[in-house]
Amino acid sequence: MNSNSLWSDAFYRLRRNKAAMFGGFILILLIVVAILAPWIAPYSYSYQDLNLGASPPSSEHFLGTDVLGRDLLSRILYGARISLLVGFVATAVALIIGVSWGIVAGYAGGRVDSIMMRIVDVLYGLPFIIFIILLMVIFGRNLWLLFGAIGAVEWLTMARIVRGQVIGLKNQEFVLAAKAMGVSNFSMFRRHLLPNILGPIAVYATLTIPQVMLLEGFLSFLGLGIQPPMSSWGTLIKDGVESMEEYSWLLIYPGITFTITLFALNFFGDGLRDALDPKTSDN
Amino acid sequence: MLAIFFKRILLAIPVLFAVATITFFLIKIAPGGPFDADRAVSPQVLKNLNEAYNLNASNWQQYVDYMSGLLRGDLGPSFRFPGRSVSEMIATGLPVTFELAFYAILIALVMGVFSGVLAALKRNTFLDFIPMSIAMIGICVPTFLMGPLLVLIFGINLEVLPVSGWGQLPGDKILPSLTLGFAYAAYIARLSRGGMLEVLNQDFIRTARAKGLTERMVVVKHAMQGGLIPVVSFLGPAIAGLLAGSFVVETIFQIPGLGRFYVEAAFNRDYTMILGTTIFFSAMIVFFNLMSDLASLWLNPRSRDAS
Amino acid sequence: MLKKLSITLIFFILIAGCSGSDNSPVDSGLEKGIFHFGNGSEPQGIDPHVVTGVPEHHILISLCEGLTIANPDGGPNLPGVAESWTISNDGKEYIFYLNKNAKWSNGEVMTADDFVWSWMRILTASLGSQYPDMLYYLEGAEEYHTGKITDFNEVGIKAIDDHTLKVNLKSPTPFFLGLLSHYSTWPVHKETVLKHGSIDDRTGEWTRPGNFVCNGPFQLKTWELNNKIVVEKNPHYWDAETVKLNEMHFYPVSNVMTEDRMFRAGQLHLTSTLPSQKCPIYIEENNPDLRIDPYMGQYFYRLNINNPYLKDVKVRKALAYSINRKLLVERVTRCGQIPAYSFTPPGSNGYYPDTELPFNPELAKQLMAEAGYSESNPFPKLEILFNTNEDHRKIALAIQQMWQENLGIQVELVNQDWKVYLSREMVGDFQVSRAGWIGDYEDPNTFLDLMRPNRGNNKTGWEDLEYDFVMQKANSTNNQEERYELLMEAERILIKNMPIIPLYTYVRAYQLSPDVKGYKPHILDHHHPKFIYLERD
């Protein structure tokens with residue numbers, strides 16, 4: 001089999017999966033909306049109408065306003081930019097580091113594995129908040145730092161999961177056979193190991209994205225990441241929770257947006273997983 | 001297996017040493033000291049305070065002093081709470097956090113594994129979609145929302161459960177355990193479904209089925225062993241994360257656990273407390289990661305044979 | 001395995017669920033005389049000479065007592081351990097006559113020497129107390145604390161006999177009696193302290209339940225870290241008859257939302273504060289449990305005088321004049337706060353500053369133009385530093401918009417972790433920084449003294465010799481009228497120079513169960529627990 005047909009097969013399978021295509025469609029829509037936010041948002045994300053204050057949805061403000069009288073719809077639209085970016089980039093950072101680390105450790109085994117995983121243990125142990133405060137103080141705040149900070153934390157669990165999978169795979173017949181045939185390490189990773197662990201990776205990645213988006217809300221609150229008056233879904237939800245009894249719409253609408261995104265992501269991720277699974281073809 | 005266990009326990013020593021060293025210097029670089037306060041004290045008073053806590057010595061000297069104390073099992077006095085030692089504070093918070101984490105993990109495992117395995121077996125039916133949708137919502141709903149939500153429903157509106165506390169009023173342990181458990185149940189459900197699907201396609205399952213074993217035997221004896229490996233590797237960090245991350249739940253429910261000490265110490269720059277709790281949590285992480293590694297080893301017949 | 005686990009789980013839920021809650025702590029508290037007190041955060045400790053902070057105050061006021069106590073109706077302090085006192089004509093010598101019934105919680109009689117020893121302890125440098133300056137008004141106290149003299153006999157406190165105490169001050173200090181309701185001036189039991197450590201031991205275990213001895217209306221019963229502190233009625237207290245509560249339970253609830261829910265579920269009689277978004281709602285609903293009391297605290301912005309752009313007083317005035325304080329309190333803070341036009345909250349002990357701070361965007365713009373800024377030469381981007389907190393953020397956002405709209409300048413918000421914020425303020429690494437100050441005693445001096453040169457809490461870099469001179473003059477006179485006149489003069493100098501921008505005067509907003517009686521509004525938030533009792537109407 002050559003890799004071309006593997007990918008085109010996968011794409012074919014993906015296109016036949018209605019749920020996945022629907023999820024993909026929603027995701028693309030969200031990304032388009034995020035890019036176009038400055039043009040389609042009815043108001044500025046920062047303009048305060050203090051005399052209006054928190055008002056429920058109305059014809060003026062479709063999703064209502066927050067306590068400072070800012071239009072919620074506009075804030076959600078602008079927030080999509082930050083949240084989608086953080087969600088995808090930070091997760092990608094975590095994935096790249098975590099997967100490569102896990103594959104190498106798991107496949108190499110022995111002393112290399114032991115040292116690599118002990119490094120993971122050490123990083124797990126360091127106090128996260130001190131780490132964040134230091135990052136802010138040393139580098140100031142910017143969005144890329146936020147991606148780095150989140151990615152740096154999230155990759156650890158990824159690495160552990162991947163390593164566990166690889167250890168399970170490496171004594172299986174097809175891997176041993178490939179090894180006997182003198183397949184190089186790199187193509188072993190790419191051709192034989194990676195495709196077989198895509199399932200758990202895809203699942204864990206879809207689990208990581210929402211976590212990352214919420215973590216961004218917390219870090220922004222601490223001062224790392226976006227600065228007020230900019231909005232993100234994480235900060236909107238965080239604010240919404242605090243006034244959920246008084247101004248429920250401030251939690252409901254960002255919450256719905258967030259949930260829809262995650263469902264879309266999830267359908268798409270599952271579809272991708274099925275499509276890429278080398279075993280589904282002969283099912 | 002025993003040999004691996006002891007080897008890894010030995011390897012924990014350099015890990016903890018590295019964590020302690022890095023943390024020690026990280027908190028020294030972090031701006032702000034334990035005695036900075038809104039009402040700034042005079043330089044004279046600050047000098048006296050630093051004197052009292054050995055903070056006027058060079059960083060290197062402090063490091064050596066701290067490490068030699070650590071070797072004797074002395075974690076030092078808390079800076080934030082004069083008259084309390086760090087070991088004493090860990091000892092008070094620990095049992096509470098352990099208990100909370102235990103209930104939460106129990107809830108998460110039962111709910112997560114059950115619905116995940118079921119969903120994988122009944123793939124693309126309602127028994128798949130419904131639990132998985134609930135799990136997705138469980139992942140969307142962060143603990144800082146789930147906690148207050150449960151409290152408002154059961155504590156304030158229905159008035160059937162206390163809104164806070166731990167072992168103070170009857171039934172006050174239910175809501176925090178559920179809140180913390182839900183979050184992890186959702187993850188476990190997703191992971192176990194994914195893992196099970198992976199395994200159910202494999203040859204040895206088909207062989208087992210072909211041999212005429214009952215479906216139940218196939219699932220419990222064969223599929224779950226391999227299918228739950230991702231869950232097991234997740235459990236190690238999850239338990240450790242649960243201990244350290246119980247902060248949110250402990251704060252929402254006013255529970256006197258270690259998570260609050262851990263996070264508040266960082267904000268207070270309570271140096272010894274940060275170090276003590278960090279080292280302690282690292283030990284927990286190492287331990288639970290080791291446990292989960294051993295468990296995956298045991299669940300995975302191939303790597304078991306190989307070792 | 002699965003089955004077993006689920007059975008265990010169901011079992012656990014059933015056991016816990018069946019018992020249910022029939023009687024809330026507030027209900028049972030009424031019967032048993034237990035006051036459930038929401039206390040903000042875990043106290044650092046209960047050694048009055050070592051700790052700082054408000055939660056510590058709430059516990060200490062029930063455990064220990066100074067020479068005088070705060071008057072629940074406002075006004076001059078009431079007798080505490082001292083049953084009476086005389087003040088010399090020059091206002092510098094105080095003679096305190098101690099109550100002969102005043103006893104420690106172990107039954108020992110209190111003596112004047114106890115106070116001498118206690119004040120010596122707080123002035124002992126190696127103890128590292130953070131409040132020694134509360135006693136710097138005594139002759140020789142500062143010198144003793146800083147090591148210039150080593151003989152405590154030279155400090156202005158003497159025991160004339162067992163029950164008479166003489167205190168000599170450096171200069172007339174009309175608020176000295178008020179200082180005595182601050183816990184740093186309260187006594188500690190010498191034998192107990194020394195049994196568990198030396199005089200300068202911060203970490204001695206004398207403050208543990210079972211060891212702790214003090215002289216307040218209550219005594220320490222149990223102390224569960226981060227959970228609760230229980231104090232029970234002290235039978236040896238000299239005024240034990242007045243004390244009606246049997247126990248007080250202090251809960252360190254640091255999450256204000258949790259505290260609000262605990263109150264609503266009947267787990268607390270009193271909350272330490274209110275979630276800020278709840279306040280306007282409770283006002284609207286006429287919530288009978290809501291209390292909004294006056295409070296001697298001011299919310300303001302510090303301006304860094306050493307910043308090249310903020311050096312210009314015209315810029316500082318322009319910033320101050322373009323803030324709509326009325327809008328800020330009515331639409332942003334929304335909890336009965338009062339717009340502030342002076343540094344000292346008006347009305348503190350009869351002091352009413354006459355400074356004015358107009359909201360005048362036109363004038364502000366004109367001042368900016370006079371300072372040389374225009375569209376072709378725009379004012380550089382301004383940063384507002386604040387510590388991570390929802391309320392500070394909202395206020396900063398509103399002010400950001402006011403400055404942007406009224407002055408046309410760019411404003412950026414910088415929020416930092418509390419300790420980072422403090423250290424940046426300390427080294428002057430900021431342009432504009434949010435600040436708050438709560439009075440330590442009921443006198444304008446607790447505010448105005450802050451802005452004198454070389455004061456650690458000035459932090460703005462503003463040093464004005466005229467201001468210092470007027471303050472010094474005010475502190476050396478014994479005539480209250482003349483003194484207030486001088487302080488008002490200082491206030492005018494301050495507002496003219498605008499190193500700080502006053503925003504609003506704080507209020508104490510909290511929830512109190514209708515069962516609680518005798519908990520009266522107090523401008524310093526001092527509530528002596530002997531006046532509090534529980535009764536249902």
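Predicted model: local features only at pLDDT ≥ 70, side-chain atom pairs only at ≥ 80, totals over all residues.
User: Which helix gives the most to the nonpolar patch?
Analyst: Helix α2 of chain A, residues 18–40, gives the most, with seven residues.

User: Which residues form that patch, and what is their accessible area together?
Analyst: The patch on the surface is formed by A:Ile28, A:Ile31, A:Val32, A:Ile35, A:Leu36, A:Trp39, A:Ile40 and A:Phe88. Together they have about 770 Å² of accessible area. One of them, A:Ile35, has its place in helix α2 of chain A.

User: Changing topic: what ipTM and pTM does the predictor give the complex?
Analyst: The ipTM is 0.89 and the pTM is 0.91.

User: And what is the mean pLDDT of chain C?
Analyst: Chain C has a mean pLDDT of 92, and 96% of its residues reach 70 or more. Over residues 17–21 of chain C, however, the pLDDT is below 50. In the model this stretch has seven contacts beyond near neighbours in sequence.

User: On to aromatics. How many aromatic pairs are there over all chains?
Analyst: The count comes to 45. Among them is the pair of A:Tyr45 and A:Tyr78, with 4.7 Å centre to centre and 55 degrees between the planes, and this pair is tilted.

User: Which parts does that pair tie together?
Analyst: A:Tyr45 lies in the loop between α2 and α3 of chain A, whereas A:Tyr78 lies in helix α3 (72–108), so the pair ties together parts that are 33 residues apart in sequence.

User: Are the two tyrosines buried or exposed?
Analyst: A:Tyr45 is partly exposed, with a relative accessible area of 24%. A:Tyr78 counts as buried because its relative accessibility is 11%, and buried means under 20%.

User: Why is the pair of A:Phe263 and A:Phe267 tilted?
Analyst: The ring planes of A:Phe263 and A:Phe267 stand at 55 degrees, with the centres 6.2 Å apart, so the pair is tilted. Planes under 30 degrees apart count as stacked and over 60 as edge-to-face, so the rest are tilted.

User: Where do those two lie?
Analyst: Both A:Phe263 and A:Phe267 lie in helix α10 of chain A, residues 249–276. They are four residues apart, about one turn of the helix. A:Phe263 counts as buried at 18% relative accessibility, while A:Phe267 counts as partly exposed at 31%.

User: Which residues do ring pairs link into a cluster?
Analyst: The cluster consists of B:Phe24, B:Phe25, B:Trp60, B:Tyr63 and B:Tyr66.

Notes
Residues numbered from 1 in each chain as written. Chains lettered and ligands numbered in written order. Heavy atoms only, no water. Patch = residues over 30% accessible without salt bridge, like charges linked within 9 Å, V, L, I, M, F, W, Y side chains within 5 Å. Areas by Shrake-Rupley, 256 points an atom, 1.4 Å probe, with all protein chains shown as cover. Salt bridge = Lys/Arg side-chain N within 4 Å of Asp/Glu carboxyl O. pLDDT = per-residue confidence, 0-100. Contact = heavy atoms within 4.5 Å. Phe/Tyr/Trp six-rings, centres within 6.5 Å; stacked < 30°, edge-to-face > 60°. Buried < 20%, exposed > 50% of the residue type's maximum accessible area, 1.4 Å probe, protein only.
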